[in-house]
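I set out to record what I looked up in this model, entry by entry. The notes follow the order in which I went through the structure.

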Amino acid sequence: MRDTTIRILLVEDNATNRTFLGLYLRRKGYTVEEACNGYEALNLLQEKKYDIVFMDVQMPGLDGVETTRIIRKNASGQYDSRIPIIAMTAYTMKNDKNYLLQSGMDYYVAKPIELEQLAVIAEKWAYSKKARNVIENCKNASCRSGKFDT
């Protein structure tokens with residue numbers, strides 16, 4: 001059974017891919033919002049909370065790597081700098097993977113994407129984020145009050 005509370009931001013410049021992947025994830029029960037470039041993604045991340053970001057690497061304007069760096073740096077304090085960001089890329093060489101991970105992405109999935117793999121990744125990384133939030137709340141003494149805000 002899928003966790004229908006998982007909120008996903010899907011960032012993909014190709015409209016066909018974005019629509020197809022978004023539809024698949026919604027059919028799996030996730031809440032999905034879409035952005036077609038890094039600028040839109042940053043705007044959405046300022047306005048709403050997400051559990052995971054699937055980020056295309058190559059996009060016009062602000063690409064996925066630079067968008068990730070902005071989120072991780074979080075100089076303005078407007079983003080959740082620890083949100084799991086999963087690269088979606090056609091680059092599959094070992095050096096490419098290392099570059100993406102060193103750029104701040106948490107994991108990557110190679111294109112063409114196996115659809116079921118997206119659901120598995122969403123669950124794994126979203127649960128990791130929720131677990132970190134519970135631990136952080138406990139450090140802030142909210143566990144003693146019985147409040148668990150994930």
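**Entry 1. Glu 33 and its partner**

I began with Glu 33, which counts as partly exposed because its relative accessibility is 23%. I keep in mind throughout that the model is predicted. I then looked for the partner of Glu 33 and found a salt bridge between its side chain and that of Lys 48, at 2.8 Å from N to O.

**Entry 2. Other salt bridges**

I noted the total next, which is 9 salt bridges. Side chains of opposite charge can pair when their charged atoms come close.

I turned to Asp 56 and Lys 111, whose side chains form a salt bridge at 2.9 Å, N to O. Asp 56 is in strand S3, whereas Lys 111 is in the loop between strand S5 (107–110) and helix H5 (115–139); the pair links parts of the chain 55 residues apart. Is Asp 56 buried or exposed? I found a relative accessible area of 4%, so Asp 56 is buried. Lys 111, at 25% relative accessibility, counts as partly exposed.

I then recorded the pair Asp 106 and Arg 72, with the closest N and O atoms 2.7 Å apart in a salt bridge. Because Asp 106 lies in the loop between H4 and S5 and Arg 72 in helix H3, this pair ties together parts 34 residues apart in sequence. Both ends are listed as partly exposed: Asp 106 at 27% relative accessibility, and Arg 72 at 23%. Shared partners also join Glu 12, Asp 56 and Lys 111 into one network of salt bridges.

I checked the backbone beyond Lys 111 and found a cis peptide bond joining Lys 111 to Pro 112, with omega about 0°. Pro 112 is in the loop between S5 and H5.

**Entry 3. Helix H3 and its two ends**

Which residues of helix H3 (residues 64–73) are buried? I listed Gly 64, Val 65, Thr 67, Thr 68 and Ile 71. Viewed down the axis of H3, these buried residues fall within an arc of 160°, so they line one face of the helix. They pack against helix H2 (38–47), strand S3 (52–56), strand S4 (85–89) and helix H4 (94–102).

Following H3 comes Asn 74, with a positive phi near 50°. Most residues other than glycine have a negative phi, and most peptide bonds are trans. Asn 74 is in the loop between H3 and S4. I classed Asn 74 as buried because its relative accessibility is 17%, under the 20% limit. Beyond four places in sequence, Asn 74 touches Tyr 79 and Ser 81.

**Entry 4. Asn 37**

I looked next at Asn 37, in the loop between S2 and H2. Asn 37 is buried, with a relative accessible area of 18%. A polar atom of its side chain lies 3.0 Å from the backbone nitrogen of Tyr 39, and one lies 2.8 Å from that of Glu 40. Leaving out neighbours within four places in sequence, Asn 37 is in contact with Val 11, Met 59, Pro 60 and Leu 62. For Leu 62, I noted a C-alpha to C-alpha distance of 6.5 Å from Asn 37, with 25 residues separating them in sequence.

Neighbours within four places in sequence aside, Met 105 is in contact with Met 55, Val 57, Gly 64, Val 65, Thr 68, Ile 85, Ala 87 and Leu 100.

Methods: Residues are numbered from 1 along each chain as its sequence is written. This is a predicted model: local features need pLDDT of at least 70, side-chain atom pairs count only at pLDDT 80 or more; totals for chains, interfaces and linings use all residues. Side-chain values use heavy atoms; hydrogens and water are left out. Buried means under 20% relative accessible area, exposed over 50%, partly exposed in between (1.4 Å probe, protein chains only). Helices (H or I, at least four residues) and strands (E, at least two) are DSSP runs, numbered from the N terminus. The arc is that of the directions from the helix axis to the C-beta atoms. Contact means heavy atoms within 4.5 Å. A salt bridge is a side-chain nitrogen of Lys or Arg within 4 Å of a carboxyl oxygen of Asp or Glu. A polar contact is a pair of N or O atoms within 3.5 Å; within protein, one must be able to donate a hydrogen and the other to accept it, and residues adjacent in sequence count only if both atoms are side-chain atoms.
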